[in-house]
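Thanks, everyone, for making the time. I would like to walk through one model this morning and stay close to what can be read from its coordinates.

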Amino acid sequence: MRYSARTRDRYKNLVALLTGAATFGTVAATGAVTGIAAHDSALRDRARAEADAFRTASARAAAVRARQRIPWSPLVTVLKNRPHRTVVHTVVVHRVSRPGVASVGAGAPVSAPPVSAPPVSAPAYRPPAPVTRAAPLPRAPAPPPAPAPAPSSGSKP
Amino acid sequence: MSAARWSALGTYVHLATGDPADLPGARRIAEDVLAEVDRTCSRFRGDSDLVRANGRPGRWTPVDPLLVAAVRVAVEAAAVTDGLVDPCLGRALVNLGYDRDLHAVHRRPHPADRPPPPPQTGCWRDIGLDPDGALRVPEGCALDLGATAKAWAADLLAAEVVDQLGLHVLVSLGGDIRIDGPDTPRPGWTVRVTESPDDVEGEVVALAGGGLATSSTRARRWRTRHGVAHHVLDPRTRRPTDEHWRTVTATGATCVAANVASTAALVLGRGAVPWLREHGVTARLVRRDGHLTRTGGWPAAPSTGRCRP
């Protein structure tokens, strides 16, 4: 086989073609491997996130079930700060709560209510009135009606 | 004298002052005091301090000092009656179906009572009280202040009116009466004693001051699976009393003292009269059949010795 300028160029082109093909193949393979790895990583991240969300939801549901399982009372105790101040004066509270206020014993006297006097008395002897045409005396205003007694009964609502 | 009447604490309020001009101011104070007592001492309000403390038996609960004062009085009532007037009957009442306002109990289509809790006497001794505002309900108990809180509220209300306005006042909270005022001549107060607010009959008496309370098994009744129950429980059995007496009216230096005497008499039944006499209590008792008995200085009725059966 003769070596000439023509064959030299042919070999040169062939080597260039092979080098280019090898380079392209390497780059393509690297890209494919990298892509596959990235895809796998994304899948793993998504699975981990889903597992975390499931665990959180499970814990929340368990807490709700636990609250619903209290058997003896529907009340949920909530602690809160109360104001240490009332509308009633403290000195009054102390007075009506001091030791001895519940001691049974004699209270104030109980008596039959006084009988109201008739509004106008009628004397047994009335002197004859002078016969005049004087204007009649104004009548004294009627006494106010007696107040109704306060009720004390069984504490019917 | 003038009077106002309205509803609070699940019952009626009757407030009277010597001068009609004083009534609006006294009523304003009364409404404030009763709202405060309801907010702290009610067994039927989910946001009350008593309900919060009952929900944490065995543990200290921060509460309003007003509730601590009310419970302290209830504990003293238990002590002076050796447990006949017991604040630890909350669970027994709930098991009998009295677990909400009585109007709501009456609206129930079916009775809601359950077997009574096991007897547990003397647990009132284990109630923890911190005057600065904390309460510990004993383990296994729930407090009910029905036997003393209303009478204590009457004492409190009257004292507050006297403290702020300096006038004579009479208050009746569902039959628990307190008369209070400055140390000047007192107006003549009269009281009509009946078994129910609807009764037109009854006995009118004059009372100069202090407390007078009527407790009756004829009021606050509801249906259970085993018949009709009433709200006065015997702490020894945790069941409603046997109604040997159906109504007792008693007097005392305070309204709480009067109410403690009337409630203890209902619980004691046949033993009530000697107990009242031993303690020097002036009282009027109505037996189941309507027969009247009086102790101490209760005046004899001019007409009859019986009530309607």
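This is a predicted model: local features need pLDDT of at least 70, side-chain atom pairs count only at pLDDT 80 or more; totals for chains, interfaces and linings use all residues.

Let me begin with chain A, which holds two helices and two strands and, read along the sequence, follows the pattern α-α-β-β. Of the 157 residues in this chain, 12% are buried.

Now to the contact between the chains, where chain A puts in 40 residues and chain B puts in 85 residues. On the side of chain B that touches chain A, helix α3 of chain B, residues 65-80, gives the most, with eight residues. If we sort that side of chain B by residue type, we find 39 nonpolar, 29 polar and 17 charged residues.

What I would like you to look at next is the sheet that the chains build together. Strands of a sheet pair through backbone hydrogen bonds, and they may do so in the parallel or the antiparallel sense. Here four strands form an open sheet with mixed pairing, in the order β1(A)-β9(B)-β8(B)-β2(A), and the edge strands, each pairing on one side only, are β1 and β2 (150-152) of chain A.

Taking one end of that order, strand β1 of chain A, residues 110-111, pairs with strand β9 of chain B, residues 203-207, in the antiparallel sense over two bridges, and within this pairing S111(A) has A206(B) as its bridge partner. At the other end, β2(A) runs parallel to strand β8 of chain B, residues 189-193, and three bridges join the two; there, A150(A) stands opposite V191(B).

Which residues, then, touch the most other members of the largest nonpolar core? That core has 102 residues, and the ones in question are A70(B), A261(B) and A265(B). The core draws at least three residues from domain 1 (44-136) of chain B and at least three from domain 2 (188-309) of that chain. As a general remark, nonpolar side chains in soluble globular proteins tend to be buried together. To take one member in detail, and leaving aside residues up to four places away in sequence, A265(B) touches W245(B), V248(B), A250(B), A272(B), W275(B), L276(B), A283(B) and L285(B).

This brings us to helix α7 of chain B, residues 255-268, whose 14 residues reach 20 Å from the first C-alpha to the last, close to the 20 Å expected at 1.5 Å a residue. Because 14 of the 14 residues of α7(B) are buried, this helix is largely enclosed by the rest of the structure. Just after α7(B) comes G269(B), with a positive phi of about 65 degrees.

L9(B) has a positive phi near 50 degrees and is placed in the loop between β1 (2-8) and β2 (11-17) of chain B. D82(B), also not a glycine, has a positive phi of about 55 degrees and lies in the loop between α3 and α4 (90-95) of chain B.

Is each of these buried or exposed? L9(B) has 20 other C-beta atoms within 10 Å, so L9(B) is buried, whereas D82(B), with 10 C-beta neighbours inside 10 Å, counts as exposed.

Methods
Residues are numbered from 1 along each chain as its sequence is written. Chains are lettered from A and ligands numbered from 1 in the order in which they are written. Two residues are in contact if their C-beta atoms, placed from the backbone, lie within 7 Å. Ala, Val, Leu, Ile, Met, Phe, Trp, Tyr, Cys and Pro count as nonpolar, Asp, Glu, Lys and Arg as charged, and the others, Gly among them, as polar. Two strands pair if DSSP finds at least two bridges between them. A nonpolar core is a set of buried Ala, Val, Leu, Ile, Met, Phe, Trp, Tyr and Cys residues joined through C-beta atoms within 7 Å. Domain bounds come from an automatic or database domain assignment. The expected span of a helix is 1.5 Å times one less than its number of residues.
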